[in-house]
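Hello,

I am passing a structure on to you, and I hope you enjoy looking through it. Please open it first, and then read my notes below.

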Amino acid sequence: MGIEAGEFVHPERVSAELYCPICACVLENPVQTPTEHLFCEDELLEWMIQSDACPVTKNKLNPDDIRKPGRIITNLLGELERCVRTPPCLSSSNTPAPNFHPTLTNRSLISVVQSSWAPNPNPNTYILIHALCQ
Ligand SMILES: [Zn+2]
């Protein structure tokens, strides 16, 4: 399975050439057929268990003719910027933290922690915050 376009910072800048025709996602571990069509390696292997025809051209495809794509394709894929996932404990969501005082939001919880950290850090509060991040 390729990489969802939404995983990239600028999905609109991903070239149409870099999409896998089988899964319609951005290529992951791309391989290239003699007709220069690109596919995710896993999906093309799975496809070839059932069929010996190229998924795009329907011409006979010899497994020996499948190659890793050239450096340009690999470089283009490498240059795509992936979104950095925000850990749940740092998200700006105002959902009340589970198993905590129901009226206390994440935001007010953090301010409580900050005020209790100075000047004497309270290890219990720190452990509580850490538990909420799990
Ligand atoms: Zn794919």
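What you see is a predicted model, in which local features need pLDDT of at least 70 and side-chain atom pairs count only at pLDDT 80 or more, while totals for chains, interfaces and linings use all residues. Residues are numbered from 1 along each chain as its sequence is written.

How far can you trust it?

The predictor's confidence in each residue is called pLDDT and goes from 0 to 100. For this chain the mean is 78, and 63% of the residues reach 70 or more. Over residues 104-118 the pLDDT stays under 50. Where pLDDT is low, the predicted coordinates should not be read in detail. For that stretch the model has 13 contacts beyond four places in sequence, a contact being two residues whose C-beta atoms, placed from the backbone, lie within 7 Å.

The overall layout

The chain has four helices and two strands; these are DSSP runs, numbered from the N terminus, with helices (H or I) of at least four residues and strands (E) of at least two. In order from the N terminus, the elements read β-β-α-α-α-α. Of the 134 residues in the chain, 9% are buried. Among contacts with a separation of 6 or more, 39% join residues 24 or more positions apart.

Which residues make up the largest nonpolar core? There are six: Cys 20, Val 26, Leu 27, Phe 39, Cys 40 and Leu 44. A nonpolar core here is a set of buried Ala, Val, Leu, Ile, Met, Phe, Trp, Tyr and Cys residues joined through C-beta atoms within 7 Å. In soluble globular proteins, nonpolar side chains tend to be buried together.

Beyond its neighbours within four places in sequence, Val 26 is in contact with Gly 2, Ile 3, Ala 5, Val 14, Leu 18 and Tyr 19. Gly 2 is 24 residues away from Val 26 in sequence, yet their C-alpha atoms are 5.3 Å apart.

Cys 20, with neighbours within four places again left aside, has contacts that include Gly 2, Leu 27, Phe 39 and Cys 40.

Cys 23 is also in the segment before S1. Is Cys 23 buried or partly exposed? Cys 23 is partly exposed, because 17 other C-beta atoms lie within 10 Å. Outside four places in sequence, Cys 23 touches Met 1, Gly 2, Cys 40 and Glu 43. Cys 23 and Glu 4 are 19 residues apart along the chain, with 9.5 Å between their C-alpha atoms.

Two positive phi angles

Most residues other than glycine have a negative phi, and most peptide bonds are trans. Two residues are worth a look here. Asn 29, in the segment before strand S1 (30-32), has a positive phi near 50°. Asn 29 is partly exposed, with 13 other C-beta atoms within 10 Å. Glu 36 has a positive phi of about 65° and lies in the loop between S1 and strand S2 (38-40). With 11 other C-beta atoms within 10 Å, Glu 36 is exposed.

Further along the chain

Pro 63 is in the loop between helix H1 (41-50) and helix H2 (71-79), and counts as exposed because it has 9 C-beta neighbours inside 10 Å. The C-alpha atoms of Pro 63 and Met 48 are 8.1 Å apart, for 15 residues in sequence. Thr 74, in helix H2, counts as partly exposed with 13 C-beta neighbours inside 10 Å. Thr 74 and Pro 30 are 44 residues apart in sequence, and their C-alpha atoms are 8.1 Å apart.

Best wishes

Key:
A residue is buried if 20 or more other C-beta atoms lie within 10 Å of its own, exposed if 12 or fewer, and partly exposed in between; C-beta atoms are placed from the backbone.
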